[in-house]
2 protein chains.
Amino acid sequence: MIGICSIETFIPKGRLSNFERKDRFDVNDDFIINKLGIYRVSRKDPEDDTSGLCCRVYDRLMQQTAPFDPQTIDVIAVCTQNPDYSLPHTAAIVHGKLGLPETCATFDISLGCSGYVYGLAILESFMKASNFKNGLLFTADPYSKIIDPEDKSTSLLFGDAASVTLVGENPIFKSGKFSFGTRGGGYPFLINRHGKLHMNGREIFNFSARKVPEDIEKVLALNRLSLDQIDLFLLHQGSKYIIDFIVKRLGIPPEKAPFVVKDFGNTVSSSIPIMLKDVLSDAHIKRIAMSGFGVGLSWASGVLVRP
Amino acid sequence: MIGICSIETFIPKGRLSNFERKDRFDVNDDFIINKLGIYRVSRKDPEDDTSGLCCRVYDRLMQQTAPFDPQTIDVIAVCTQNPDYSLPHTAAIVHGKLGLPETCATFDISLGCSGYVYGLAILESFMKASNFKNGLLFTADPYSKIIDPEDKSTSLLFGDAASVTLVGENPIFKSGKFSFGTRGGGYPFLINRHGKLHMNGREIFNFSARKVPEDIEKVLALNRLSLDQIDLFLLHQGSKYIIDFIVKRLGIPPEKAPFVVKDFGNTVSSSIPIMLKDVLSDAHIKRIAMSGFGVGLSWASGVLVRP
């Protein structure tokens, strides 16, 4: 049995304050505090590229899990839509920088906010098929590379971060069944055109508000679980407003679906692992439902259970 | 049991003649005929983007396999490093254009010449884990989007194409075990810097000449097969020179490892499915070994067996 053995994350120290930019963007405190829920957004050092963020979380993982022999890593997958280069894949660059063995498989997955849930499903199934023992799933999607600083709808929202999840034997959490979905007709609502990110916030909100509660109920049914059997809901941290809405729609206690990103923002595919890392050692959390949703439009939900 | 049920391909009609460009690039007939082995390279219509190439092969597949209900497609994966946009993923755009159901999972895999073998392994394992019945693997990596027409080392070599493979039940070929590898330290040898493709042909050749024969022997051992039990070797069509070299190194009959791309060039992740399509109905071909290698540096080998 394989599953999640450990997680490390990196949120760059650089910050842009949303309160300091409220006049420029004509927004008020209520909007920042109660709608966005994001007070500051994280910004990476310009010298750190996507592969560099992956190396940072890898270093933290190695410190945490020592002794861990890098020669035993069978596969690394990087989930990003802001790679170092369109080619080669960022996982190869990370592989080279870390000096991993030539027997290590590497590939990139191009997905946004649904990427962690998809990435876990893809990596775990790939590992099982080849009987691999140790795999690393990286998320690193630094939107600061494509954000127009003058664009209120994205500049106040997205923060940079990265994560790495060690998937291996004797896991802390193992995955249940997953649910996936796509509404490709909505692809223009969150898009990088000519190097600049564009978002139609209203469309993304409307889609998420309707689709995510439905998908969480679907994935729970697939796993024969009910809402009240779930100890924690890890919802992609799109904004405070969307989390509040989903919580109400599902009728779950707000404390079971935390919103934790006021100090760094929506970190795309890193938002779920950032929360998950903090509960790995909390034995009270036995069953988790998670859901990622956004660019694509794409969504994915899953269940994690402490074996 | 799932596996390869059908394949369709698309090679755009546009062509650039290498003979007509030999003076400009200071190459002779011997180089074009015996080293490259590529007389003309295919070029897509500028109006066709990557998602458009995918739609073209999909239309051909639907004509071939009719009646096939698009509502039964559980997942589509697009392998490309030249997507329509860095975000969203191209599979979502294809999903939207084709009007596929919302229950369809979609993701992109970023890999180059090793992408078909990896893609098949990733998609098949993903489908098995979720008990999916029908999946489509697209390859579409139109290098013409990033080729400098004045760069002899790439402009004479790469052609545009796309493929789609229907993975489902009652397959014509099923996969055996796979082998994967990465030499990330070599990532600068084939790279898109600032929108232009750069290749160090000598390094790519040296890497492929050494690594691919070794990996084919490794994957055959994994599948308990010997070289003489293989009816056909489908080697990524890098150039005639590299195919000739691998054939000699392995000591296999040249007719078992065809080189078929003189009229359109090296089509990256589409080169293996273009050859595979033509032997699906050839009952004499019972066991196939395939190997993709290149950008990353990355390689992947696999075995296909007629059930």
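The model examined here is predicted, with local features requiring pLDDT of at least 70, side-chain atom pairs counted only at pLDDT 80 or more, and totals for chains, interfaces and linings using all residues. Residues are numbered from 1 along each chain as its sequence is written, while chains are lettered from A and ligands numbered from 1 in the order in which they are written.

In chain B, helix α2 (residues 50-65) packs against helix α3 (residues 90-98) at an angle of about 50 degrees, the axes being 9 Å apart. Axes are lines fitted to C-alpha atoms, for helices over the stretch in contact, and angles run from 0 to 180 degrees between N-to-C directions. Helices (H or I, at least four residues) and strands (E, at least two) are DSSP runs, numbered from the N terminus. α2(B) and α3(B) are therefore oblique to each other. Their crossing is right-handed, the term for a near helix turned clockwise from the far one by less than a right angle, with left-handed denoting the anticlockwise case. On the α2(B) side, Thr50(B), Ser51(B), Cys54(B), Cys55(B) and Tyr58(B) meet Thr90(B), Ile93(B), Val94(B), Lys97(B) and Leu98(B) of α3(B) (contact: C-beta atoms, placed from the backbone, within 7 Å). The residues of this contact comprise six nonpolar, three polar and one charged (nonpolar: Ala, Val, Leu, Ile, Met, Phe, Trp, Tyr, Cys and Pro; charged: Asp, Glu, Lys and Arg; polar: the others, Gly among them).

Both helices also lie across strands of chain B. α3(B) lies across β4, β5 and β6, at about 130 degrees to β4(B).

These strands belong to an open sheet of 10 strands with mixed pairing, ordered β1(A)-β7(A)-β6(A)-β4(A)-β5(A)-β5(B)-β4(B)-β6(B)-β7(B)-β1(B) (pairing: at least two DSSP bridges between two strands). β1 (2-10) of chain A and β1 (2-10) of chain B stand at the edges with a single partner strand each, so one side of each is left without a neighbour in the sheet. The twist from one strand to the next averages 20 degrees. Within chain B, β4 (residues 75-79) pairs with β5(B) in the parallel sense over five bridges, and Val78(B) stands opposite Asp108(B). Between the chains, β5(A) and β5(B) (residues 105-110) pair in the antiparallel sense over three bridges, with Ile109(A) opposite Ile109(B).

In the interface, 48 residues of chain A are in contact with 48 residues of chain B. The elements giving two or more residues to the chain A side are α4 (90-98), β5 (105-110), α5 (115-130), β9 (179-182) and β10 (190-193). The largest share, eight residues, comes from α5(A). By class, this side has 24 nonpolar, 19 polar and five charged residues. Chain A can be laid on chain B with an RMSD of 0.0 Å by a turn of 180 degrees and a shift of 0.0 Å along the axis (least squares on C-alpha atoms of residues with pLDDT of at least 70 in both copies). That is the relation of a two-fold axis. The same surface serves both copies, 100% of the contact residues of chain A recurring in chain B.

Backbone geometry was also examined. In chain B, a cis peptide bond joins Leu87(B) and Pro88(B), with omega about 5 degrees; Pro88(B) lies in the loop between β4 and α3.

Technical notes. Angles under 35 degrees count as roughly parallel, over 145 as roughly antiparallel, 65 to 115 as roughly perpendicular and the rest as oblique. Two residues are in contact if their C-beta atoms, placed from the backbone, lie within 7 Å.
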